Amino acid sequence: MKTILSIVLIFCTIYFSAQVSHVFSIGRDTYSITFSKNDNNYDFNVFSEKDKNNKTSFTLPKLDIVTFKNVIYDHLKSLQPSTPLPKDDEKVDKAINEVFYTVAANIETIDDLNYAPIAGTITINNRVNLYRDKLDRVFLGLIPQSSSKKITCLSFEIKKAQIVFQDGFIHDVIIDGEIIEDTTNNNDSLSVDTKEFVGAKLRFTNYYGIGFSSKMNVRKLMNTYLYTNQKQNIDKKFSKPENSKYSLFDLDEMSISLGEVIQFYDYQNGVYTTDYSPANQKILLKGGESITLYKDKTYKILEAKVFSDFLGFNSDKPNGLIQIEVDKQFNFNTTRYQFLWYKLRMGIGYLEYLKLNGGITKIEDTNRFLIPDMQDETATSYSGEQILVNKRYTTPIDVLNHQTWHIGANANIFLIDMPTLKSQLHGNIGFRFAQTKVQDSIRKLNSDLTINSKVKEYNLPYWQFYPEIILHILPETRYGFYATWRQKYFYSMTDNIEYAGLQNQLTGNRRENISKWINEFELLGYLYLNQEKQNGKLFIRWRLDSERGYSKNNFTQFQVGYAFYILGRGKQK
């Protein structure tokens with residue numbers, strides 16, 4: 001039964017995040033109306049509450065009260081109401097007026113939630129210079145330092161430009177075109193007849209994500225190069241001054257400047273605006289064309305995850321049956337530098353983002369409280385009376401397993417972008433403040449040596465500090481995978497409970513050593529339900545927390561859930 005209720009809750013969340021109904025009554029009949037704004041049209045669905053299959057739909061090109069009243073009146077009659085609906089009846093007219101003004105008010109809210117400010121206008125050049133990229137030296141054996149020399153006799157005509165913007169970066173760029181003769185400069189430094197290369201078709205791409213969110217990022221585009229990826233109609237080799245040969249795919253490559261490809265990015269400023277990147281999207285332009293880019297719509301600002309822990313279905317497990325998480329990432333430094341050389345080119349950045357997060361990890365009452373191990377000792381007070389000293393023991397693992405809510409942040413230290421390996425490696429540090437509900441028993445010794453016991457409930461606050469390493473595998477838009485390792489340090493903010501080694505169930509003895517360091521391993525796979533809009537995401541997550549040095553003290557989570565935009569219902573009402 002718990003399994004069914006959990007699955008129903010998740011799918012209700014999926015449905016209602018996209019649609020909300022307004023209920024109204026006319027006479028003895030009750031109706032529901034759902035409405036949405038798609039581009040410049042308004043879509044409506046009306047159905048009877050008695051029979052949900054008895055429904056009707058209509059679309060209006062504009063929203064005015066006269067047209068709305070005439071159309072909805074005809075559609076209400078088609079639902080065969082139990083009482084007549086005279087068109088000139090005052091009560092019918094009043095009810096339809098209330099429906100219209102409710103729709104109009106909510107449409108205004110929908111417009112607010114769908115507001116997307118302009119990020120800027122991007123223009124693609126018709127023609128760019130060609131460069132010969134030459135390796136000068138490799139610093140520390142890892143970081144290449146190269147120089148780009150202009151090929152004065154040739155230039156490149158852009159036929160098609162595909163650019164993918166993602167999280168403040170140009171994640172992927174493909175430039176297709178062909179080599180043309182540059183008649184503006186006849187000083188040919190190459191010892192071949194360059195006319196033989198005219199008409200050769202080339203494709204240029206990037207090797208790693210390129211920052212596109214700050215003024216400095218835009219300024220550095222001129223020094224950012226794209227390299228040959230494919231070629232047609234060209235088998236010749238250029239000759240270097242040293243008389244050694246090289247082709248377009250050798251260590252000395254042909255390249256173009258991304259700052260020349262993007263002729264101009266007319267970004268828009270605003271109050272408190274320091275991030276000029278557009279929303280995640282792909283654009284396709286021809287040479288010489290322009291397009292206006294927009295930021296994310298308001299309803300996409302916050303994303304929440306609702307999921308169920310399958311292990312929580314076991315009544316003996318304290319895992320939260322239904323859990324909710326919210327997070328938001330803010331970009332900081334979006335500049336990346338070339339790391340390694342040639343086919344192993346990667347991009348490395350530092351202090352790229354800060355991610356705030358929070359969550360409710362325990363909603364239901366079952367196993368809601370942590371019940372610590374109780375051990376009472378008899379002692380003599382200063383007045384000579386016999387008293388009980390209440391000692392309570394638990395482990396950090398048990399506290400985390402009963403966690404009720406948390407809030408915290410992760411700060412990026414470094415990020416290695418490896419498109420060749422279809423992955424990214426993140427190195428972060430983070431902290432969380434959390435609470436666990438505790439149910440204790442306060443015991444006192446009476447004068448007749450009997451024990452008086454009283455239940456006491458309280459919150460146990462604590463911090464977690466950790467480094468984390470994340471491997472993000474992203475093969476394509478529809479799905480991806482995360483593998484995460486965290487080394488968490490547990491710091492309690494109360495002395496109500498002592499932390500001791502796990503107790504042996506047979507002997508009652510505790511391990512002498514207790515570690516407050518916790519190893520956490522996490523595997524998470526996700527699947528976008530809407531590939532184009534990337535709104536709505538299914539995922540499966542497995543997580544293992546264990547005490548460092550004693551992995552037998554652990555707990556596991558296996559969760560399935562759904563991620564959605566909190567304000568996503570603003571699109572449709």
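1. Strands are DSSP runs of E of at least two residues and helices are DSSP runs of H or I of at least four residues, both numbered from the N terminus. On that basis Q323 belongs to strand β19, residues 322-331.

2. The structure is a predicted model, in which local features need pLDDT of at least 70 and side-chain atom pairs count only at pLDDT 80 or more, whereas totals for chains, interfaces and linings use all residues. Residues are numbered from 1 along each chain as its sequence is written, and side-chain values use heavy atoms, with hydrogens and water left out.

3. The mean pLDDT (the predictor's confidence in each residue, from 0 to 100) of the protein chain is 81, with 79% of residues reaching 70 or more. Residues 1-19 stay under 50, and the model gives this stretch 25 contacts (heavy atoms within 4.5 Å) beyond four places in sequence. Residues 238-251 also have pLDDT below 50, with 42 contacts in the model beyond near neighbours in sequence.

4. The protein chain contains 6 helices and 32 strands. Of its 573 residues, 45% count as buried, that is, under 20% relative accessible area with a 1.4 Å probe and protein chains only. Among contacts between residues at least 6 apart in sequence, 66% join residues at least 24 apart.

5. Helix α2 (residues 65-78) and helix α3 (residues 90-113) have axes that come within 10 Å and cross at roughly 120 degrees; the axes are lines fitted to C-alpha atoms over the stretch in contact, and angles run from 0 to 180 degrees between N-to-C directions. In this pair, I65, F68, K69, I72, Y73 and L76 of α2 meet D93, I96, N97, V99, F100 and Y101 of α3. The residues of this contact comprise 9 nonpolar, 1 polar and 2 charged, where Ala, Val, Leu, Ile, Met, Phe, Trp, Tyr, Cys and Pro count as nonpolar, Asp, Glu, Lys and Arg as charged, and the others, Gly among them, as polar.

6. Beyond four places in sequence, the contacts of Q323 include K305, F307, I360 and Q557.

7. N428 lies in strand β26, residues 423-445, and is buried, with a relative accessible area of 3%. The N428 side chain has polar contacts with the side chains of Y353, at 3.1 Å, and N412, at 3.0 Å.

Terms used. Buried < 20%, exposed > 50% of the residue type's maximum accessible area, 1.4 Å probe, protein only. Polar contact = N/O pair within 3.5 Å; in protein donor to acceptor, adjacent residues only side chain to side chain.
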